[in-house]
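Please keep the structure in view while reading the points below.

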Amino acid sequence: MAFNMKQYVESLGAKIALSYLDSDPEVNIPKLVRWIEKFDKKGVYSTAYPYIEKIAADPDNVWFKFIKSLYSDIDPSVRKTIFRNFLLNSAIVGFNRRTENEKKYDCNVPWAMLIDPTSACNLNCVGCWAAEYDHALNMDFDTLDSIITQGKELGTYMYLFSGGEPLMRKADIIKLCAKHDDCTFLAFTNATLIDDDFAEDMLRVKNFIPAISVEGFEEETDFRRGKGTYKAVERAMDILKGRKLPFGISCCYTSKNTENIGSDAFFDHMIEKGAKFAWLFTYMPIGVNAQTDLMVSPEQREFMYRRIREFRQTKPIFTMDFWNDAEYVGGCIAGGRRYLHINANGDIEPCAFIHYSDSNIHKKTLLEAYQSPLFMQYRANQPFNDNLLRPCPLLDNHGRLTEIVEKSGAVSTDMLNRENVRDLSSKCEKSAAEWAPVASHLWAEHGRQQQ
């Protein structure tokens, strides 16, 4: 094998960085920041360095407590693997590779990829588009392996699984984790299939993290997911916490549960159960038979905006709201700008909530899909609004998605009932109009400070 100085330097640097993360975070994290600065020659993360060093020097800071919990609560070998793959491979090595390829090929290259290994699910959740899927669809292992191999070549080291219920393919997922041990893998899962044996597999591969879907407490969760689901979720959390395995929660806030998900009691309980992160999504009316009455009001969306920002100052858990945090990432991240979605049929979609495509992984390479008319339309039009609190071309900017889909020639990928993009957009027109003045007020009050 030919000697590769760049790979050698990257490998040596990883070993140095990991040595800083073995123990004593208050001492070693500032060292790690200074090491990263040496490799971050373009200053991509420069605004974060002083803040991280300040956190590490203040034991009373909530983020100091969060970082300490990663040492006390997570298995050391798992923690080291996650740090290596996420901080080094994805944030540094992958970033540089993605930047080079975006310039070379004049297209978006995503930081993360969301893949459905199967359309099958063992639940039938209210308002979930997967409940309408043909449950017979499965992406074979070789295709999944090829997607990840292609992705790494372009600089993507973060892979997320959804479905259906991805853990219905748990054996293949663990096999992928073992083969691609330089990547971080995460699955949005209902957690009902997490058992002792699977937890042992997670300890063995060390690079898989569940994001457990929960809708609030027992009443709210079982309302959407079926009786007994919440108890199964708590059992899974206990198994994972008992083995010092990292996990988080994935919460869809709707008109029925927003106040519960945004409560101190719910977040405090999830932290007590061991959750290290919370990813939040607002309900989207995807699918011909979607229940539009589950869409949140502008008041509920503002409530979540304010609560999550408050929690970041008071609770030791990493939170991210897929819509309300767009101001921190420059607007919509779909269309390969930061991520994309591949369904179980192989259709390559801009977003998990945008079921339109002009490319299929069985017929095109990832690079060809990134250069397709649909993804190039996204690239040309992002951000979709100067107010980054209105990021989405469907939910927040009526007509923008319709224009993109029709110009690109993309078609509906819903597997049973094809949905015309104009019909889909009409469901969100009222919500977009009502959110606009609230977003304008919030942007004037807070959002512009991020620019």
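Strand E5 is covered on both faces: Gly-248, Ser-250 and Cys-252 are buried on one side, and Ile-249, Cys-251 and Tyr-253 are buried on the other. The model is predicted. Six of the six residues of E5, which spans residues 248-253, are buried, so the strand is largely enclosed by the rest of the structure.

**The chain as a whole**

- The chain contains 17 helices and 11 strands.
- Of its 451 residues, 57% count as buried.
- The accessible surface amounts to about 18900 Å², and 53% of that surface belongs to carbon and sulfur atoms.
- Among contacts with a separation of 6 or more, 73% are between residues 24 or more positions apart.

**The sheet**

- An open sheet with mixed pairing is formed by nine strands, in the order E7-E6-E5-E4-E3-E2-E1-E8-E9.
- Strands E7 (318-321) and E9 (348-349) stand at the edges with a single partner strand each, so one side of each is left without a neighbour in the sheet.
- As a general point, the strands of a sheet pair through backbone hydrogen bonds, in either a parallel or an antiparallel manner.
- E5 pairs with strand E4 (residues 208-213) in the parallel sense over three bridges, and Ile-249 of E5 is the bridge partner of Ile-212.
- E5 is also joined to strand E6 (residues 277-282) by five bridges, and these two strands run parallel. Here Phe-281 of E6 is the bridge partner of Cys-252.
- Strands E2 (residues 158-161) and E3 (residues 184-189) run parallel and are joined by four bridges. Phe-185 in E3 is the bridge partner of Tyr-159.

**Nonpolar cores**

- In soluble globular proteins, nonpolar side chains tend to be buried together.
- The largest nonpolar core has 114 residues, and those with the most contacts inside it are Met-113, Phe-208, Ile-249, Tyr-378 and Leu-394.
- Helix H4 (residues 62-73) supplies the largest share of this core, seven residues.
- Another core, of eight residues, lies apart from it; Leu-388, Leu-389, Ala-439 and Trp-443 are among its members.
- Leaving aside residues up to four places away in sequence, Ile-249 touches several residues, including Ile-212, Met-237, Phe-266 and Trp-279.

**Helix details**

- Ser-431 lies in helix H17 (residues 421-445). With 17% relative accessibility, Ser-431 counts as buried; it touches Met-295 and Leu-395, not counting residues up to four places away in sequence.

**Salt bridges**

- The structure holds 25 salt bridges.
- One of them joins the side chains of Glu-218 and Lys-231 at 2.6 Å, N to O. Glu-218 lies in helix H9 (residues 218-225) and Lys-231 in helix H10 (residues 229-242), so the pair ties together parts that are 13 residues apart in sequence.
- Glu-218 is partly exposed at 32% relative accessibility, and Lys-231 is partly exposed with a relative accessible area of 46%.
- In the salt bridge between Glu-327 and Arg-309, the closest N and O atoms are 2.6 Å apart, and both residues are buried.
- Arg-422 forms a salt bridge with Glu-406, with the closest N and O atoms 2.8 Å apart. Arg-422 is in helix H17 and Glu-406 in helix H16 (residues 400-408), so this pair ties together parts 16 residues apart in sequence.
- A network of salt bridges links Asp-264, Asp-268, Arg-307, Glu-310 and Lys-315.

Technical notes: Residues numbered from 1 in each chain as written. Predicted model: local features only at pLDDT ≥ 70, side-chain atom pairs only at ≥ 80, totals over all residues. Heavy atoms only, no water. Buried < 20%, exposed > 50% of the residue type's maximum accessible area, 1.4 Å probe, protein only. Pairing = 2+ DSSP bridges. Contact = heavy atoms within 4.5 Å. Areas by Shrake-Rupley, 256 points an atom, 1.4 Å probe, with all protein chains shown as cover. Core = buried A, V, L, I, M, F, W, Y, C linked by side-chain atoms within 4.5 Å. Salt bridge = Lys/Arg side-chain N within 4 Å of Asp/Glu carboxyl O.
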